[in-house]
Amino acid sequence: MSFLQSFPSDEGWPFAKYLGACGRVVAVNYVGEELWSFYNAPWGKRLDLAKQLMDIAEQLTNNDFDFALYLLDVSFDNFAVGPRDGKVIVVDAENVLVADKRLIKQNKPENYDVWYESKFEECDREACLSFSKDILCSRVTVDHNYYAICQNLLSRYATWRGTTGGLLHDPPADIAKDGHLEALLDECANPKKRYGRFQAAKELREYLTQLGNSAR
């Protein structure tokens with residue numbers, strides 16, 4: 001059974017719909033334009049997409065099935081936006097690591113129940129991510145997806161095709177002056193407090209919802 005069959009879009013997973021396979025070729029439905037096309041979209045649209053991306057990070061990290069699905073290749077080209085519903089979809093399902101949390105709890109590897117904080121690293125290439133597959137597969141609570149989405153897509157650290165500033169670049173003057181959004185994005189990408197990314201991700205989702213409601 002393929003990955004897309006195991007985590008079908010019909011059951012709410014943020015992946016393309018599996019249509020069938022012939023040999024090594026897998027057919028999926030057209031999911032829309034890549035996220036990059038919305039880099040300079042109106043602020044309200046970018047807010048909505050950012051909130052969806054953080055929701056995806058949460059869903060893939062914590063869900064009723066007790067699987068953690070870690071995104072290992074996060075860039076503006078690996079997400080698409082549905083043409084009709086505006087829904088964000090993960091395009092590159094090949095670079096998703098699946099960890100069975102029930103199995104981890106059952107096998108109890110060393111430090112399995114210690115929260116794991118991904119290490120922020122600045123680099124001179126686009127879409128950099130630092131991770132250890134061994135750790136992702138042996139811890140129950142990991143902040144990797146929040147780190148990946150914040151660093152590579154949303155925050156000022158995000159670089160892609162010669163741009164910097166991320167999807168939430170150039171916010172309206174009142175939001176920029178307030179500074180709360182930038183502070184949450186910074187803490188989510190490059191936390192200063194212990195376990196700060198977990199809290200920042202939670203607060204960021206709530207704040208994006210609040211901003212989205214007031215932008216309508």
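Q: How many aromatic pairs does a search of the whole structure find?
A: The search finds 13 aromatic pairs, where rings of Phe, Tyr and Trp (its six-membered ring) pair if their centres lie within 6.5 Å. The structure is a predicted model, in which local features need pLDDT of at least 70 and side-chain atom pairs count only at pLDDT 80 or more, while totals for chains, interfaces and linings use all residues. Residues are numbered from 1 along each chain as its sequence is written, and side-chain values use heavy atoms, with hydrogens and water left out.

Q: Why is the pair of Trp115 and Phe198 called tilted?
A: The ring centres are 4.7 Å apart and the planes stand at 50°; planes under 30 degrees apart count as stacked, over 60 as edge-to-face and the rest as tilted, so the pair is tilted. The pair links distant parts of the chain, 83 residues apart, with Trp115 in the loop between α3 (101-107) and α4 (133-136) and Phe198 in helix α8 (residues 196-215); helices here are DSSP runs (H or I, at least four residues) and strands likewise (E, at least two), numbered from the N terminus.

Q: What makes Trp115 count as partly exposed?
A: Buried means under 20% relative accessible area, exposed over 50%, and partly exposed in between (1.4 Å probe, protein chains only), so Trp115, at 41%, counts as partly exposed.

Q: Why is α5 called oblique to α7?
A: Helix α5 (residues 144-154) and helix α7 (residues 180-189) pack at an angle of about 125°, with their axes 8 Å apart. Angles under 35 degrees count as roughly parallel, over 145 as roughly antiparallel, 65 to 115 as roughly perpendicular and the rest as oblique, which makes α5 oblique to α7. The contact (heavy atoms within 4.5 Å) is made by Tyr146, Tyr147, Cys150, Gln151 and Leu154 of α5 and by Leu185, Cys188 and Ala189 of α7.

Q: How do you know that Asp66 counts as buried?
A: Asp66 has 18% relative accessibility, and therefore counts as buried. The residue lies in the loop between α2 (43-61) and β4 (67-71), and has a positive phi of about 60° although it is not a glycine. Most residues other than glycine have a negative phi.

Q: What makes Tyr195 partly exposed?
A: The relative accessible area of Tyr195 is 23%, so this residue is partly exposed. Tyr195 is found in the loop between α7 and α8, and it has a positive phi of about 60° although it is not a glycine.

Key: Axes fitted to C-alpha atoms, helices over the stretch in contact; angles between N-to-C directions.
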